[in-house]
Amino acid sequence: SLLRIGKNVPGWPELASDYLDLVLFTARSGRAVIQTTCIHSISLVVSLASPHMVATMQEPLARATQWLAHLKGDQLGEEGGNALMLMAMLQQEYNKLVVQEQFTEKTTISFKTPTNASADIK
């Protein structure tokens, strides 16, 4: 809930990263019910994150990806696979952003102003 409300607040990627760390710590319990909730929480963060936020959140997202990839069981595996798909789409959008920035020319616009405009007007 706090993540949804604060999405447009500066520092949201750091808050989401801390939340992911907490979720992954909780997921270590090994209980299927808790792990299902953790998968949902990871999916929520990934769906709220914008591609430009990935650079800030890269480490927790990588740890979440590793955890999701190692899930076993029918329900956990399927839900984990769906979360991994969301993460892959977010990563693709981030990669697209990076490539666009690399190939976009940086243009500098400068304006020249007359140094003595009052002298020209008589």
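In which handedness of crossing does H3 pass H4? The views below take that up along with the other helix pairs.

This is a predicted model, in which local features need pLDDT of at least 70, side-chain atom pairs count only at pLDDT 80 or more, and totals for chains, interfaces and linings use all residues. Residues are numbered from 1 along each chain as its sequence is written, and side-chain values use heavy atoms, with hydrogens and water left out.

**View 1. Helix H3 against helix H4.** H3 covers residues 32–48 and H4 covers residues 54–69; helices are DSSP runs of H or I, at least four residues, numbered from the N terminus. Their axes come within 12 Å and cross at roughly 140°, which makes H3 oblique to H4. Axes here are lines fitted to C-alpha atoms over the stretch in contact, with angles from 0 to 180 degrees between N-to-C directions. Angles under 35 degrees count as roughly parallel, over 145 as roughly antiparallel, 65 to 115 as roughly perpendicular and the rest as oblique. And the opening question: H3 passes H4 in a left-handed crossing, meaning that the near helix is turned anticlockwise from the far one by less than a right angle. On the H3 side, Gln35, Cys38, Ile39, Ile42, Val45 and Val46 meet Met57, Leu61, Ala64, Trp67 and Leu68 of H4, where contact means heavy atoms within 4.5 Å. Sorted by class, these residues give ten nonpolar, one polar and no charged. Ala, Val, Leu, Ile, Met, Phe, Trp, Tyr, Cys and Pro count as nonpolar, Asp, Glu, Lys and Arg as charged, and the others, Gly among them, as polar.

**View 2. Helix H3 by itself.** At 1.5 Å a residue, the 17 residues of H3 should span 24 Å, and the end C-alpha atoms agree, sitting 24 Å apart; the expected span is 1.5 Å times one less than the number of residues. Buried residues in H3 include Cys38, Ile42 and Val45. Val33, also found in H3, is exposed at 60% relative accessible area. Buried means under 20%, exposed over 50%, and partly exposed in between (1.4 Å probe, protein chains only).

**View 3. Helix H2 alongside helix H4.** The axes of H2 (residues 12–27) and H4 come within 9 Å and cross at roughly 25°, so the two helices are roughly parallel. H2 passes H4 in a left-handed crossing. Contributors from H2 include Trp12, Leu20 and Leu24, with Met57, Arg63 and Trp67 among those from H4. The contact divides into eleven nonpolar, two polar and three charged residues.

**View 4. Helix H2 alongside helix H3.** Here the axes come within 9 Å and cross at roughly 165°, so H2 and H3 are roughly antiparallel. This crossing is left-handed. Tyr19, Val23 and Thr26 are among the H2 residues involved, and Ile34, Ser41 and Leu48 are among those of H3. By class, the contact has twelve nonpolar, three polar and no charged residues.

**View 5. Lys7 in its loop.** Lys7 sits in the loop between helix H1 (2–5) and H2, and is partly exposed at 23% relative accessible area. Leaving aside neighbours within four places in sequence, Lys7 is in contact with Trp12, Leu48, Ser50 and Met53.

**View 6. Glu78 on helix H5.** Glu78 lies in H5 (residues 74–103) and counts as exposed at 57% relative accessibility. Asn95 is 17 residues away along the chain, with 26 Å between the two C-alpha atoms.
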